[in-house]
Amino acid sequence: MEKNNHKGWLYLIPALVFLGVFMLYPLIDVFIYSFEEGYNSASMTYYGVGLYNYSYVLRDPYFLQALKNTFLLVIITVPLSTGLALLISVALSSIQKLKNLYQTIFFLPYVTNTLAVGLVFMILFKKTAYSDGLINLLIEAFGGSAVDFMEGPYWAKMTVLCIYTIWIVLPFKILILTSALASVNPVYYNAARVDGTSAFRIFRKITLPLISPTVFYLFVTGFIGAFKAYSDAVALFGVNLNVAGMNTMVGYVYDMLYGNSGGYPSYASAAAIILFAIVLTITCINLLVSKKHVHY
Amino acid sequence: MKVVLKNLTKRFPNHKKNAPDVVAVDHFNFEIPDGKLIGLLGPSGCGKSTTLNLICGLLKPSEGSIYFGEEDVTNLAPEHRGVGMVFQSYALYPHLTVRQNIIFPLENLKGAQKLTKEEMAKKALQAAKLVQIEELMDRKPAELSGGQQQRVAIARALVKTPKVLLLDEPLSNLDARLRLQTREEIRRIQKETKLTTIFVTHDQEEAMSISDYIVVMKDGILQQIGKPQDVYDDPANLFVAKFLGTPPINLFHGKVTDGMLYIGMEPVLAVSGVENQAVTVGIRPEGFVPDEEGPLSCTLKNVEVMGRDVSVVSTHEFMIGAGIRSIIDADVKIDVAKSTVRFRLKPHKVLLFSTDTEKRIPFTTQVSHA
């Protein structure tokens, strides 16, 4: 083993070079910027070193709003979308007729452009002078009163964003879960049937444990993906997310760099590091929890 | 609990359009006596597993009915039939421990049958003791050897005290040595529990060695049912004769003329009660006796010494197949230098079959080598 070590590193060089240049170096750089006060990327100068950037960001109401939005988005959409995807996949794998048609329909959002989907959601939800939008028409038909989903109250906008996010991530999860379900050896189901196991118990005691690695994978990637949400909010509410009160953490980082109020790489770096720390913590918690509940 | 199959038929739709259905099981009629071990035997694809799945209830028959004792179970779901099934791949739930696997069927019981935790644990331990795995209870299936997994699967099938135990190719995933051990184990468990047990196998030796009765199948059609030795000695047709026995039966083109059986020009055996006709002659390997004066002369190819007995490989102009393999006592010396070997035949090891229907042609005989 010892002897081969040099060779091993040699094989790793291509990957290491790319990861180093495009991942590790920027990461370290961002980490350094986050401590440099008032860093200017043009002149490459700064006034001092300290925690000021962090304290500024953590007191910035826009950041706190973005933090709240992101957390809500994560907490609502990840369990809902995974659960919904599981439900649909189980339903899909238990039908025979039209299975392929349904699979195609459920997969369509995956190949559709985010902005195009945003446009469709606008038509569904947007209240204009001429029309209340399809959803509002439905609400009115059931005796409710119209809500301005795009420019109205916070909860209404959050609802649209959550529905949108769930709809966008669903196809990938369904795809992964359907193949996981298909890979469960049917002999387990036969064995369970001979023993008189109810359908619900088969699902809970056999199917779910057997596909738990996949479900867990979807949870972890779902968490990370939702924390990094940005384009979804843009597609729905435009680029002035701070004004709409619908900014996300990644959106905040972007605005700090390039937005109308931008040009503050130090604040952006601090916010990015905070996001990184949060994602890392949550992922670690996920891994710890999974030890108990995931069967390999 | 005796098991009765009446006219049992299973057809599967053909994948090709407008092609006739595939008949996996074709009008089966047989009765399995209570408390016996039955081997369903046949080559791959002959419908053995389908038959087992029909008895188990995982498949619905296209026609016919199944009785457990006096009760018609044809339309009962598997869980209401009281069957225990051991699958070919064992189907142990990989995420559960041995104990949890064995308890699993008990946890499904509802209503009056419901058991307390203590009762379940007790029953599981009983089943585990029966198959001698009580020290493995907290392991996962992946941590067990093939033979141990097999035992766990049997314990799981037995824990609900089924009326009928079904085993699908129970030994096919084990190595040769374990196979011998496990088949005796299955025999022991069956004797201890006195359960009517049906197992499927394509290995005739396996079926012959432990079954009370064997059921020989081919292409979905029942060929013969009987005690292993009876089926071996008295096969109904050429297929059964060829399928049973290792080494397999030796076949020749022959003819019967005026009560004498000829292989080629040589009169080999006096057979009475057979009309003059061309026949397929089957001679079991143990039916050859080396004899300088014997009527059947074969070209000697090889002599394989196996210790207890000797296997003589020879050829004959009118044989069917690649060679004649005869097994003779090691005490009899064969002169390997000679190019021919002469045999006389043991009459009860000679079987005649019709050349066109392949059905057995019975004959009576007097000792003919006077």
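Guide: Two residues are said to be in contact if their C-beta atoms, placed from the backbone, lie within 7 Å. The model is a predicted one, and the distances behind every contact named here are computed from it.

Visitor: How many residues of chain A and of chain B does the contact take under that cut-off?

Guide: Chain B gives 14 residues to the contact, and chain A likewise gives 14 residues. On the side of chain B that touches chain A, the elements that give two or more residues are strand 6 (83-86) and helix 2 (98-107) of chain B.

Visitor: What makes a residue on that side of chain B nonpolar, polar or charged, and how many are there of each class?

Guide: The class follows from the residue type, because Asp, Glu, Lys and Arg count as charged, a list from Ala to Pro that includes Val, Leu and Tyr counts as nonpolar, and the others, Gly among them, count as polar. Sorted in this way, the side of chain B that touches chain A has 10 nonpolar, 3 polar and 1 charged residues.

Visitor: Into which domains is chain B divided, and how far apart do their centres lie?

Guide: Chain B is divided into domain 1 (3-240) and domain 2 (247-361), with bounds that come from an automatic or database domain assignment. The C-alpha centres of domain 1 and domain 2 of chain B lie 39 Å apart, and 5 residues of domain 1 of chain B are in contact with 6 residues of domain 2 of chain B. The side of domain 1 of chain B that touches domain 2 of chain B has 4 nonpolar residues, 1 polar residue and no charged ones.

Visitor: Why are strand 15 and strand 19 of chain B said to stand at the edges?

Guide: The open sheet in question has 5 strands in the order 15-20-16-17-19 (chain B), with antiparallel pairing. Strand 15 (288-290) and strand 19 (324-329) of chain B each have a single partner strand, so one side of each is left without a neighbour in the sheet, and this is what places them at the edges. Neighbouring strands of this sheet are turned by 50° against each other on average, with direction ignored.

Visitor: How do you know that strand 16 and strand 20 of chain B pair?

Guide: Pairing needs at least two bridges found by DSSP, and 4 bridges join strand 16 (residues 296-305) of chain B to strand 20 (residues 340-345) of chain B, so the two strands qualify as a pair. They run antiparallel, and Cys298(B) stands opposite Val341(B) in strand 20 of chain B.

Visitor: What makes strand 4 and strand 5 of chain B a pair, and where does strand 5 of chain B stand in its sheet?

Guide: The sheet is an open one of 4 strands, ordered 2-1-4-5 (chain B), with antiparallel pairing. Strand 2 (22-32) and strand 5 (71-72) of chain B stand at its edges, because each has a single partner strand and one side of each is left without a neighbour in the sheet. Tyr67(B) stands opposite Asp72(B) in strand 5 of chain B. Helix 1 (residues 48-56) of chain B lies across strand 1 (3-12), strand 2 and strand 4 of chain B, running at about 60° to strand 2 of chain B.

Visitor: Why is Gly226(B) called partly exposed?

Guide: A residue is buried with 20 or more other C-beta atoms within 10 Å of its own and exposed with 12 or fewer; Gly226(B) has 17 C-beta neighbours inside 10 Å, so the residue counts as partly exposed. Gly226(B) lies in strand 10 (residues 221-226) of chain B and, leaving aside its neighbours within four places in sequence, is in contact with Tyr213(B) and Val231(B).

Visitor: Which helix of chain A comes within 10 Å of helix 3 of chain A, axis to axis, and what is the handedness of the crossing?

Guide: Helix 9 (residues 199-227) of chain A does, its axis crossing that of helix 3 (residues 61-94) of chain A at roughly 145°, and the crossing is right-handed. Among the residues that make the contact are Leu73(A) and Val74(A) of helix 3 of chain A and Phe219(A) and Gly222(A) of helix 9 of chain A. By class, the residues of this contact divide into 12 nonpolar, 5 polar and no charged.

Definitions and conventions
Residues are numbered from 1 along each chain as its sequence is written. Chains are lettered from A and ligands numbered from 1 in the order in which they are written. This is a predicted model: local features need pLDDT of at least 70, side-chain atom pairs count only at pLDDT 80 or more; totals for chains, interfaces and linings use all residues. Axes are lines fitted to C-alpha atoms, for helices over the stretch in contact, and angles run from 0 to 180 degrees between N-to-C directions. A crossing is left-handed if the near helix is turned anticlockwise from the far one by less than a right angle, and right-handed if clockwise.
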